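Me: I have a model open and want to learn how to read it. Please take me through it feature by feature.

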2 protein chains.
Amino acid sequence: MQFNTTAPIYLQIMDKIKNDIVTGVLARGDRIDSVRALSAKFEVNMNTMQRAFSELERQGVIFTQRGIGSFVTEDESVISALKEEMSTKLIESFVCGMEGLGYNKNETFQIIRKALEI
Amino acid sequence: MQFNTTAPIYLQIMDKIKNDIVTGVLARGDRIDSVRALSAKFEVNMNTMQRAFSELERQGVIFTQRGIGSFVTEDESVISALKEEMSTKLIESFVCGMEGLGYNKNETFQIIRKALEI
DNA sequence: ACTAGTGTACTATGTAAATATAACACTAGT
DNA sequence: ACTAGTGTTATATTTACATAGTACACTAGT
């Protein structure tokens, strides 16, 4: 995985894991690879990975059993809320951004339509 | 102005100024408020403001005359290219983000359509 | 009991961003 | 010449992020 220079790595890793969860790559209750395994995979320090895990747990997205591993939350409603929240965030930043560039709703609509080739 | 905690402040200021330029709040050739004035207005350190200015000049968006002030580029093509670049960036991050959440183009289209109330 | 694999915690180090503060260099108006 | 207002540069300090390295605590399988 390639990291953006501006945003903290641990946040980018959190987003990646969240994406895997909402898309079903990681299903409800699934075990997540260990801190050590993932820090090797992402080529980051173990502490950075640990921080991502801690934050995800604090947000209720995953839960941890010491000595065993970390798992995706069993609570389906948390997952659907997460997906909702992530898409809402994307939409808002896009619409607000276009507004900030001086495009009105109609123009934004035409532009995105063209971009999606629909 | 309220700053995001994740992105560096000087980048956020650069975006704000760029926005003012592409929307015409700051027109081609306009004088920009001084480093000191803007650092007071945005409530940031002068060095932070200076860094935003340096970067903007390096990117050709503004130019500086020592002892006089900084000005928006006279080159209209730079401005239009800037607008193009900024909207493209917004669109890409939105479309890629939605794709990452598991929405296909059609779904993305319907969602944004609803969000724009069109 | 032992061992391997988990999560967790701690110290130390390096780097980038932002700050406070001060000084320097140039320009225009008086 | 002087002054006020520009951009510019420099030093020191604080904070957050990431890293390296080490050690501890817990669990399951043997």
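**Reading helix packing, contacts and DNA surfaces**

Reply: α1(B) passes α4(B) in a left-handed crossing. Keep in mind throughout that this is a predicted model.

Me: How are two packed helices described?

Reply: Two packed helices are described by the angle between their axes and the distance between the axes. Take the pair just named. α1(B) and α4(B) pack at about 120 degrees, and their axes are 10 Å apart. That angle makes α1(B) oblique to α4(B).

Me: Which residues of α1(B) and α4(B) meet?

Reply: From α1(B) come Lys18(B), Ile21(B) and Val22(B). They meet Ile79(B), Leu82(B), Lys83(B) and Met86(B) of α4(B). Sorted by class, this contact holds 5 nonpolar residues, 2 charged and no polar.

Me: Now across the chains. At what angle do helix α4 of chain A and helix α4 of chain B pack?

Reply: Each of these helices spans residues 76-100. The angle is about 165 degrees, with the axes 10 Å apart. Angles over 145 degrees count as roughly antiparallel, so α4(A) is roughly antiparallel to α4(B). Their crossing is left-handed.

Me: Which residues make that contact?

Reply: α4(A) brings Ser87(A), Leu90(A), Phe94(A), Gly97(A) and Met98(A). α4(B) brings Ser87(B), Leu90(B), Phe94(B), Gly97(B) and Met98(B). By class there are 6 nonpolar and 4 polar residues, and no charged ones.

Me: Zoom out to the contact between the chains. How many residues does each chain give?

Reply: Chain A gives 27 residues and chain B gives 27 residues. On the chain B side, α1 (9-22), α4 and α5 (105-116) each supply at least two residues. The largest share of that side comes from α4(B), with 10 residues. Its residues divide into 17 nonpolar, 8 polar and 2 charged.

Me: Next, the DNA. Which residues are closest to DNA strand D?

Reply: Read a surface as a list of residues, then ask which elements supply them. 24 residues surround DNA strand D, and the closest are Pro8(A), Ile9(A), Thr48(A), Gly67(A) and Ser34(B). Elements from both chains each supply at least two residues: α1 (9-22) and α3 of chain A, with α2, α3 and β3 (69-72) of chain B. α3(B) has the largest share, 4 residues. The classes are 10 nonpolar, 11 polar and 3 charged.

Me: Last, backbone angles. What is phi of Glu43(A)?

Reply: Look for positive phi in residues other than glycine. Phi of Glu43(A) is near 55 degrees, a positive value in a residue other than glycine. Glu43(A) lies in the loop between α2 (35-41) and α3 (46-58) of chain A.

Me: Is Glu43(A) buried or exposed?

Reply: Count the C-beta neighbours. Glu43(A) has 8 inside 10 Å. A residue with 12 or fewer is exposed, so Glu43(A) counts as exposed.

Me: What is phi of Glu43(B)?

Reply: Phi of Glu43(B) is near 60 degrees, a positive value. Glu43(B) is in the loop between α2 (35-41) and α3 (46-58) of chain B. With 8 C-beta neighbours inside 10 Å, Glu43(B) counts as exposed.

Technical notes: Residues numbered from 1 in each chain as written. Chains lettered and ligands numbered in written order. Predicted model: local features only at pLDDT ≥ 70, side-chain atom pairs only at ≥ 80, totals over all residues. Axes fitted to C-alpha atoms, helices over the stretch in contact; angles between N-to-C directions. Parallel < 35°, antiparallel > 145°, perpendicular 65-115°, else oblique. Left-handed = near helix turned anticlockwise from the far one by under 90°. Contact = placed C-beta atoms within 7 Å. Nonpolar A, V, L, I, M, F, W, Y, C, P; charged D, E, K, R; others polar. Buried ≥ 20, exposed ≤ 12 C-beta atoms within 10 Å, placed from the backbone. Near = placed C-beta within 6 Å.
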